[in-house]
Amino acid sequence: MAMGVGRLVVGLFVLAAVFGALERFVPALPSQPRWRRDSATDVAYWFFTPLVTKTLTALAIGIALVAVAALHGVSLDRPHLEQFLAPRGIVARQPGWLQATEFLLLADLIAYWMHRLLHRPLLWRFHA
């Protein structure tokens with residue numbers, strides 16, 4: 001976790017330098033101050049998202065995979081779980097570049113539609 005925080009801090013400073021220079025020399029809104037009332041929220045979100053959501057996502061995926069394996073009658077020790085989760089099937093036989101391309105397209109499509117859903121009245125307050 002400490003390594004993750006260190007990488008986030010370095011990333012924050014690098015991106016702050018790049019976008020700070022861009023904003024200084026080619027500002028989108030010249031009259032807008034650099035530090036605004038909601039800037040602290042943006043910095044907190046910068047750390048929260050990768051640290052907390054990444055951990056929760058990994059935990060949820062692990063629980064789901066173990067549950068699916070248990071439902072299939074797989075013994076819940078490491079060798080049996082690894083054998084159950086070993087890649088096979090049509091996608092696993094495709095070249096890596098094709099898998100990566102398909103993954104990016106699918107992830108982009110899902111992200112697009114999730115974002116569209118967040119703009120619906122039911123989810124807008126959460127998204128805003």
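The chain has five helices and zero strands. This is a predicted model: local features need pLDDT of at least 70, side-chain atom pairs count only at pLDDT 80 or more, and totals for chains, interfaces and linings use all residues. Residues are numbered from 1 along each chain as its sequence is written, and side-chain values use heavy atoms, with hydrogens and water left out.

Visitor: Which pattern does the chain follow along the sequence?

Guide: Helices (H or I, at least four residues) and strands (E, at least two) are DSSP runs, numbered from the N terminus. The count is five helices and zero strands. Read along the sequence, the pattern is α-α-α-α-α.

Visitor: What radius of gyration does the chain have?

Guide: The C-alpha atoms fill a box of roughly 65 × 35 × 35 Å along the principal axes. The radius of gyration is taken over C-alpha atoms, and the globule rule is 2.2 Å times the number of residues to the power 0.38. A compact globule of 128 residues would have a value near 14 Å, but this chain has 21 Å.

Visitor: What percentage of the residues of the chain count as buried?

Guide: Buried means under 20% relative accessible area, exposed over 50%, and partly exposed in between (1.4 Å probe, protein chains only). Of the 128 residues, the buried part is 5%.

Visitor: Is Ser 39 buried or exposed?

Guide: Ser 39 lies in helix α2. A polar atom of its side chain lies 2.9 Å from the backbone nitrogen of Arg 36. The relative accessible area of Ser 39 is 6%, so it counts as buried.

Visitor: Is Arg 37 buried or exposed?

Guide: Arg 37 lies in the loop between α1 and α2. Its C-alpha atom is separated by 33 Å from that of Ala 107, 70 residues apart along the chain. With a relative accessible area of 86%, Arg 37 is exposed.

Visitor: Which helix gives the most to the lining of the largest pocket?

Guide: A pocket is an open set of points on a 1 Å grid over the protein atoms alone, where a 1.4 Å probe fits, with protein on both sides within 12 Å along at least five of seven lines; lining residues have an atom within 4 Å of a point. The largest has a volume of about 650 Å³. Of its 19 lining residues, the closest to the centre are Ala 16, Phe 19, Gly 20, Arg 34 and Arg 36. Both α1 (2–25) and α2 (39–71) supply at least two lining residues, but the most, seven, come from α1.

Visitor: How many residues of the lining of the largest pocket are charged?

Guide: Ala, Val, Leu, Ile, Met, Phe, Trp, Tyr, Cys and Pro count as nonpolar, Asp, Glu, Lys and Arg as charged, and the others, Gly among them, as polar. The lining has 11 nonpolar residues and three polar; the charged ones number five.

Visitor: Which residues line the second largest pocket?

Guide: This pocket has a volume of about 180 Å³. Its lining divides into two nonpolar, two polar and no charged residues. They are Tyr 45, Phe 48, Thr 49 and Thr 53.

Visitor: Which residue does the side chain of His 115 make a polar contact with?

Guide: His 115 lies in helix α4 (residues 96–118). At 40% relative accessibility, it is partly exposed. A polar contact is a pair of N or O atoms within 3.5 Å; within protein, one must be able to donate a hydrogen and the other to accept it, and residues adjacent in sequence count only if both atoms are side-chain atoms. At 3.0 Å, the partner side chain is that of His 127.

How values were computed: Points joined across faces, edges and corners; volume = space filled by probe spheres on them.
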